[in-house]
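Let's take a walk through a protein model together. Keep the picture open while you read, and look for each part as it comes up.

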Amino acid sequence: MNQPMVRDMSRQSPEPATMTGARLLVRCLRELGVDTVFGYPGGAIMPIYDALPGSGIRHILTRHEQGAALAADGYARVTRRAGVCMATSGPGATNLVTGLANSMLDSVPVVAITGQVATPMMGTDAFQEVDVFGITLPIVKHSYIIRETADIPEVLAEAFFLATDGRPGPVLIDVPKDVTVNEVDARVSMPQFRTTSQPVPPVVADAARAMAEAQQPLFYLGGGIEIAGAEDAVRTLVARTGFPAVSTLKGLGAIPTDDPLFMGMLGMHGSGAANLAVQAADLLIVVGARFDDRATGKLDKFAPNARVIHIDADAAEIGKLRHADVALPGDLVANLAALTQRIEADAGQRLAAWCEHCAALRRQHAWRYDAPGDLIYAPALLKAMSEHAGARATIACDVGQHQMWVAQHCRFNRPRSHLTSGGLGTMGYGLPAGIGAKLARPDDPVLVVSGDGSIMMNIQELATLKRYDIDVRIVLLDNSSLGMVRQWQELFFDGNYSEIDLSDNPDFAALARVFGLKSRCIETRDQVDDALTWLFDEPGPSLLHVRIDPRANVWPLVPPGKSNATMMEGEQR
Amino acid sequence: MSVHFEIRLKPAEGALLRTLGLIQRRGFAVTELALREAGEGQLLRLALDGRGRCPAVLARQVERLHDVASVERVEHEPWQATVADCARALASLVPANVIEQQMTAEANS
């Protein structure tokens, strides 16, 4: 699969004959192109921190290791390079766990480097010793314990290769303290790894035939597209066929939100147009998606009349949940290009009735922004915010009702501009991810949309914004409750509201000011335009605290265990 | 219904735990297991109860682990000796230098 090649690092930078493992590790990071790491120092990783100053690597000190892991995740999503986070042994390492699981579920390339107690102490319950290698086995793509200082270059090279190769994911490297302290010959070589390209399967002809025969074909676009950098390939294919398309939460941005062929997001909080089109389709061309339960609803009632062409970088996803009539595993760009060459151009005439049906669905299920009352209507505010931010904006969001409103009402025309915790659903993701995104895209606007529950999960990272003057603008939607849980308790637990009341929230605008950010608070509709102007015009990191109706719900909603054709609608507030 | 796999593990720290953990998390119960050294790595033979899960999908999920060199679905039980096992066992009864001498003699003749 990969071919190691040897590179002599000593020729590139004159160094002493020996160096410590820590200095070697930092030098390897530079060699691998790492310019930014997120982390938090502590006992076992101190030798590595000792080697960082003057290395040319920018270290961002977050205020919690989870913030470091999630910031590395955000950085990686935007750059498509491995994000790097560091923590010390014990609690430092365990605090990375949620971030690593987040990256695993969303296939994000992250390399986590953890300090470990010295090798002779391992297994003795030493101070701050924890088996982070064992703890993280199920939530990393791969992991290492470096046992010999001389192994550092090879392990790092392989870890960065694995993190980004094929279907990306997090890789953990646990480094005992003695390995970083020991001296090693500085003239070490570093292997390089290259992906061997896979041939396009011959069944691509079967896929083209199925597309030519279909009467009601539909593209089903997933997050694998932006992971593979296949946006251009998929946009070309969609445009050439003229077939309508839906996307998953993570597939948003694969084709522009305002493309006439785009029907919207499917799934539990998807648009009515997208869900009904999927249910009516006779062919689904699934690209980089994995039939997640939030997207499909009740699986055996999902797209009941459709044959499936499944194109995915990960062969293990094909046939996992839904049978694929035509399977195209392997490189997405190559498969899409091969398919584009073989299919008929613009089947619009042949599919006129289907396309008109889809267009009618779009009109019938267009979002409405005319909710009654004076309180701020979150969907309308987010739509206005997105329009105000422009096409170059990146929006990172947290988890809950606001996450679904962002997906429904913001425009994503550029790949990797929508950062969301789709798989794990990590509350607290938005702020650190926004930090990572802004450091990766310093010239573009970066917005964080959060909720009053989520923001408190990583509120300490406001200090990181201030410390490095990272120009992230935060829109905090505050309904004084855990809104999504409250909505489900209202609808599916007979209104038995249990532990969702957050009416004793702190004054978020004041809190932001304490951290050194600019802030404002609004609570009525007539304040929105002025507040958005302030948010975008005022330089530097800031927080806009938006009070919304605590009773507001996200619509539509496919009830759990139901078909996507069963969408509940309710009052807009 | 029981399914049987023969998995070759690379000589990597945690390879066995990682592989068994994945198999169990994907909904397969390990009902029988045999493990032995094989070359630089290990050969793991398993009998699994999939409870309606698809063994072919599991094979692809195991195959993508970096620690795994190969995955093969086999018919024999983990404890059953294969022809290759018997050959290997017989070979191990003969000292290596004897085999070497015999091969040299055969080559010369």
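A polar contact is a pair of N or O atoms within 3.5 Å; within protein, one atom must be able to donate a hydrogen and the other to accept it, and residues adjacent in sequence count only if both atoms are side-chain atoms. Between chain A and chain B there are 6 residue pairs in polar contact, with both residues at pLDDT 80 or more.

Before going on, some housekeeping. This is a predicted model, where local features need pLDDT of at least 70 and side-chain atom pairs count only at pLDDT 80 or more, while totals for chains, interfaces and linings use all residues. Residues are numbered from 1 along each chain as its sequence is written, chains are lettered from A and ligands numbered from 1 in the order in which they are written, and side-chain values use heavy atoms, with hydrogens and water left out.

Let's stay where the two chains meet. How many residues of chain A are in contact with chain B? It's 18 residues of chain A, and they touch 11 residues of chain B, where contact means heavy atoms within 4.5 Å. The size of an interface is often given as the accessible area lost when the parts come together. Here, the chains bury about 1,200 Å² between them, 51% of it on carbon and sulfur atoms; that buried area is the accessible area (1.4 Å probe) that two parts lose on being put together, summed over both. Leu137(A), His142(A) and Ala316(A) supply 37% of the area that chain A buries against chain B, more than any other three residues.

Side chains of opposite charge can pair when their charged atoms come close. The rule for a salt bridge is a side-chain nitrogen of Lys or Arg within 4 Å of a carboxyl oxygen of Asp or Glu, and it finds 2 of them across the interface of chain A and chain B. In one salt bridge, Glu13(B) pairs with Arg147(A), at 2.3 Å from N to O. Two elements of chain A give two or more residues to the side that touches chain B, namely strand 7 (142-145) and helix 7 (152-164). Helices (H or I, at least four residues) and strands (E, at least two) are DSSP runs, numbered from the N terminus. Strand 7 of chain A gives the largest share, 3 residues. There's also a network of salt bridges that links Arg167(A), Asp314(A), Glu317(A), Lys320(A) and Arg64(B).

Now zoom out to chain A as a whole. You'll find 22 helices and 22 strands in it. Its C-alpha atoms fill a box of roughly 75 × 60 × 40 Å, taken along the principal axes. Of its 573 residues, 58% are buried, and here's how that gets decided: buried means under 20% relative accessible area, exposed over 50%, and partly exposed in between (1.4 Å probe, protein chains only).

Over all chains, the structure holds 28 salt bridges. One of them joins Asp106(A) and Arg77(A), at 3.0 Å from N to O. Asp106(A) sits in the loop between helix 5 (97-105) and strand 6 (110-116) of chain A and Arg77(A) in helix 3 (residues 65-79), so the pair ties together parts that are 29 residues apart in sequence. Are these two residues buried or exposed? Both Asp106(A) and Arg77(A) are buried. Compare Asp185(A) and Arg187(A), whose closest N and O atoms are 3.3 Å apart in another salt bridge. Asp185(A) is partly exposed at 31% relative accessibility, and Arg187(A) is exposed at 60%.

Next, find helix 22 (residues 528-537) of chain A, where Val528(A), Ala531(A), Leu532(A), Trp534(A), Leu535(A) and Phe536(A) are buried. The parts that cover these buried residues include helix 16 (378-389) and strand 19 (446-451) of chain A.

Most residues other than glycine have a negative phi, and most peptide bonds are trans. Trp555(A) and Pro556(A), however, are joined by a cis peptide bond, with omega about -5°, and Pro556(A) lies in the segment after strand 22 of chain A. Arg416(A) isn't a glycine, yet has a positive phi of about 60°. You'll see Arg416(A) in the loop between helix 17 (401-409) and strand 18 (418-419) of chain A, buried at 14% relative accessibility. Over in chain B, Arg51(B) has a positive phi of about 45°, but Arg51(B) is exposed, with a relative accessible area of 62%.
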